[in-house]
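Hello,

Here is the structure I promised to pass on.

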Amino acid sequence: MVMARASSGLQYPERFHAAASYVGFDGSTSPTKSLTSKFSNSTALLLYSLYHQASIGRCNIPEPSSWKIVERSKWSSWNQLGNMSSTEAMRLFVKILEEEDPGWYSRASYSIVEPVIDVQMNHNSKVESVIENGNSYPEAKTISTENGSQEGIQDKDIVIEGFGSATVYDQWIAPPISGQRPKARYEHGAAVVVDKLYIHGGNHNGRYLNDLHVLDLRSSTWSKIEAKAGVESSIDSSSSATITPCAGHSLIPWENKLLSIGGHTKDPSESLEVKMFDLQTTTWSTLKTYGKPPVSRGGQSVTLAGTTLVIFGGQDAKRTLLNDLHILDLETLTWDEIDADGTPPSPRSDHAAAVLAERYLHIFGGGSHSTCYNDLHVLDLETMEWSQPAQLGEIPTPRAGHAGVTVGENWFIVGGGDNKSGVSETVVLNLSTLTWSVVASVEGRVPVASEGLSLVVSSFNGEDVLVSFGGYNGRYNNEVYVLTPSHKSTLQSKVIENPILDSVSAVHNATNPTQDVKPESEAGHEEKIRELVMDNVDSTKLKGDLITVLKAEKDELESSLSKEKLRTIQLKQELVEAAARNSDLSKELQSVRGQLAAEQSRCFKLEVEVAELGQKLQAIGTLQKELELLQRQKAASEQAALNRKQRQGSGGLFGWIAGTPPSQ
């Protein structure tokens with residue numbers, strides 16, 4: 001047996017005013033006395049602060065003196081709500097009241113048309129179905145009491161008006177949907193942008209599709225988008241593109257656009273293409289990227305981590321299974337192939353991927369041509385290293401074609417199959433502890449037990465709701481199913497746990513000034529505040545509501561910034577000194593270079609002089625040889641003359657004797 005509440009048709013702010021009147025804010029009695037007579041101290045303090053936030057707005061009154069314990073407690077609790085909107089405060093006020101006093105309306109004096117009803121639901125009871133707009137949903141039966149009033153609702157489920165009123169936790173429900181449904185399909189792309197679910201492409205009876213449909217999650221209405229073929233785009237610039245039917249692709253929301261990555265096509269390209277759909281102009285275009293893109297493929301996983309897309313695995317056009325890793329930077333539109341350390345997952349397709357804290361990529365399951373997997377692999381995107389941690393809890397069976405989505409640190413896995421049958425269990429993995437647990441289980445041939453289905457998450461009245469569409473389990477499906485998980489994320493509360501505790505350390509018992517402060521009450525109040533801030537406020541409101549809570553962290557960062565500025569000034573002074581030294585050294589270098597140039601010039605002149613002297617020496621040697629030759633010739637001439645003279649002298653004596661006259 002599970003307890004649940006049917007949603008009242010009374011809308012805000014009427015339901016809030018009815019609840020406020022019930023707890024004592026109608027002016028008939030003292031609100032403090034009325035609150036403390038019905039609720040615990042911590043709950044009374046929360047209701048007080050939420051009422052004032054809804055009625056007045058942000059706390060702008062001065063902080064009371066420390067000796068005024070009661071007033072200071074009220075002020076601290078109210079001030080901690082920060083910029084929470086009036087509507088959100090109203091909703092939380094009613095929610096806390098219903099948690100603390102489920103039958104409050106039956107005892108309220110405020111005149112309301114339709115009451116909030118406490119219901120007991122029997123999971124074993126049979127549900128009669130009502131067909132509306134092609135959807136089957138359980139019929140609610142009203143039971144009349146003795147006084148004729150409507151007191152309860154029978155049977156397993158509750159008829160829900162739209163997605164947001166589903167208060168039955170951990171059960172898949174088919175809500176009533178209007179409008180023209182998309183054609184039944186699987187292996188399609190799905191993404192949520194501002195409460196609208198977009199469905200693109202897929203496979204129907206072996207034919208690839210390229211249509212685009214949108215489901216308004218607020219009005220529960222389908223409509224088809226007549227998309228136009230646009231141009232090749234680098235976000236700003238463009239050239240021609242076509243809309244190619246595909247299946248097994250990934251649809252990723254990015255700013256006010258949808259990115260369609262990869263997929264199987266009739267005529268596949270060589271490399272992976274990224275198509276972009278502009279939600280404002282309803283135009284498709286091909287994104288112009290840089291670097292070496294991956295080979296074309298389908299059945300891959302594409303995960304958004306910060307401003308990058310992480311692509312892993314899949315199957316190429318030749319049916320080759322892949323386990324390569326690529327990253328596309330959405331700011332520079334540049335591809336990068338990653339060769340990570342460690343042992344990567346085996347080649348596979350149709351697996352699921354999720355990222356924790358924009359750092360740890362998780363890969364679960366998938367299949368090859370002959371087998372399915374249930375292994376878990378983790379990639380650290382900072383160190384780029386693969387690991388295979390141990391899994392705890394109820395480890396899921398092997399599967400492929402399943403879908404997953406994260407809510408905080410909880411990773412919900414739906415559907416899939418093992419080549420024999422579809423998986424009926426919806427499981428969740430806590431990414432912080434790596435512990436598995438079963439969320440829900442379905443019976444029979446239900447679309448959520450299909451392969452190739454899609455799963456997204458949206459938020460309604462502060463509750464996260466899983467939305468499933470399509471799939472194949474022996475037939476092609478186009479039904480929408482929703483599930484409100486009871487699992488709450490503790491990831492954000494762990495991150496800011498210390499600032500919250502610091503901010504509520506001054507909260508005291510708000511009931512009686514003479515009573516002592518009770519630690520149990522204070523702890524309960526802190527827990528309520530943590531739930532209030534972390535579980536009921538979406539990410540946009542959370543930023544505004546936690547400004548005051550993060551003030552201490554801001555001061556610390558400012559102090560660190562001041563230190564860094566001082567360090568920067570010191571470094572600048574050192575830089576100036578280094579620049580001065582560098583200037584002096586540059587001058588010395590210029591002087592040395594001038595001296596070196598002068599020495600080089602002098603050396604050149606000396607080399608010229610040496611060359612000239614060498615030439616002169618060669619000339620002197622030649623002259624010396626000529627002189628020696630002349631000297632030898634002179635000596636020879638003198639010797640010859642001497643010889644002649646001697647001959648002439650001896651010839652004259654004998655000639656005189658002989659009567660020969662001497663020669664002239």
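**What I found**

Of the protein's 664 residues, 44% count as buried (buried is under 20% relative accessible area, exposed is over 50%, and partly exposed lies in between, with a 1.4 Å probe and protein chains only). Please bear in mind that this is a predicted model, where local features need pLDDT of at least 70 and side-chain atom pairs count only at pLDDT 80 or more, while totals for chains, interfaces and linings use all residues. Residues are numbered from 1 along each chain as its sequence is written, and side-chain values use heavy atoms, with hydrogens and water left out.

The protein has 10 helices and 31 strands; these are DSSP runs numbered from the N terminus, with helices being H or I of at least four residues and strands E of at least two. Among contacts with a separation of 6 or more, 58% are between residues 24 or more positions apart (contact means heavy atoms within 4.5 Å).

**The cores**

The largest nonpolar core has 26 residues, and those touching the most other members are Phe16, Val23, Phe25, Leu35, Leu50, Phe93 and Leu97. Such a core is a set of buried Ala, Val, Leu, Ile, Met, Phe, Trp, Tyr and Cys residues joined through side-chain atoms within 4.5 Å. Helices α1 (14-23), α3 (41-55) and α5 (86-100) are the elements that give it two or more residues. A second, separate core of 19 residues includes Val407, Val439, Val446 and Leu483.

**A hairpin**

Val407 also belongs to strand β25 (residues 403-407), whose covered face is made of Ala403, Val405 and Val407, with Gly404 and Thr406 on the uncovered one. β25 runs antiparallel to β26 (residues 410-414), and 5 bridges join them (two strands pair if DSSP finds at least two bridges between them). Thr406 stands opposite Trp411 in β26. The two strands form a hairpin with 2 residues between them, and Gly408 in the turn has a positive phi of about 65°.

**An open sheet**

Which strands make up the open sheet, and in what order? There are 4, in the order β16-β17-β18-β19, with antiparallel pairing. β16 (301-305) and β19 (334-338) stand at the edges with a single partner strand each, so one side of each has no neighbour in the sheet. From one strand to the next, the twist averages 25° (axes are lines fitted to C-alpha atoms, for helices over the stretch in contact, and angles run from 0 to 180 degrees between N-to-C directions). Inside the sheet, 7 bridges connect β17 (residues 308-315) with β18 (residues 321-329), and Phe312 has Leu325 as its bridge partner in β18.

**Backbone and cysteines**

Most residues other than glycine have a negative phi. Two residues to look at here are Glu187, with a positive phi near 55°, and Met384, with one of about 50°. Glu187 lies in the loop between β6 (150-154) and β7 (189-192). Met384 is in the loop between β22 (376-380) and β23 (385-387), and is buried at a relative accessible area of 18%.

Cys59 is buried, with 7% relative accessible area, and Cys372 is buried at 13%.

Best wishes
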